[in-house]
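Please read them next to the coordinates.

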Amino acid sequence: MKKGKKLMMKFGPMLATLALMVTTVSVNTTCTWVGYQDELPKNANKLRKF
């Protein structure tokens, strides 16, 4: 249990940053499939660059 907590404290901020970067890239790109585009959460629209 202590190892898991130590690991999360060490890599937690990095994981949160990675999740934010992936969400930002996802918001600013379109789907490669012609007929399918997932709906994004409304809060993700704040990350758009255009």
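1. Helices (H or I, at least four residues) and strands (E, at least two) are DSSP runs, numbered from the N terminus. By that rule the chain has 1 helix and 0 strands. N45 sits in the segment after α1, whereas T24 and L15 belong to helix α1, which covers residues 2-27.

2. On provenance: this is a predicted model, in which local features need pLDDT of at least 70 and side-chain atom pairs count only at pLDDT 80 or more, while totals for chains, interfaces and linings use all residues. Residues are numbered from 1 along each chain as its sequence is written, and side-chain values use heavy atoms, with hydrogens and water left out.

3. The chain exposes about 5200 Å² (Shrake-Rupley method, 1.4 Å probe; for residues, only the protein chains shown count as cover). Carbon and sulfur atoms supply 67% of that area. Of the 50 residues, 8% count as buried (buried is under 20% relative accessible area, exposed over 50%, partly exposed in between; 1.4 Å probe, protein chains only).

4. T24 counts as buried because its relative accessible area is 18%. The T24 side chain reaches the backbone oxygen of L20 at 2.8 Å, a polar contact (N or O atoms within 3.5 Å; within protein, one able to donate a hydrogen and the other to accept it, and residues adjacent in sequence counting only if both atoms are side-chain atoms). Leaving aside residues up to four places away in sequence, T24 touches L47 and K49 (contact means heavy atoms within 4.5 Å).

5. Is L15 buried or exposed? L15 is exposed, since its relative accessible area is 51%.

6. N45 and T23 are 22 residues apart in sequence, and their C-alpha atoms are 9.8 Å apart in space.
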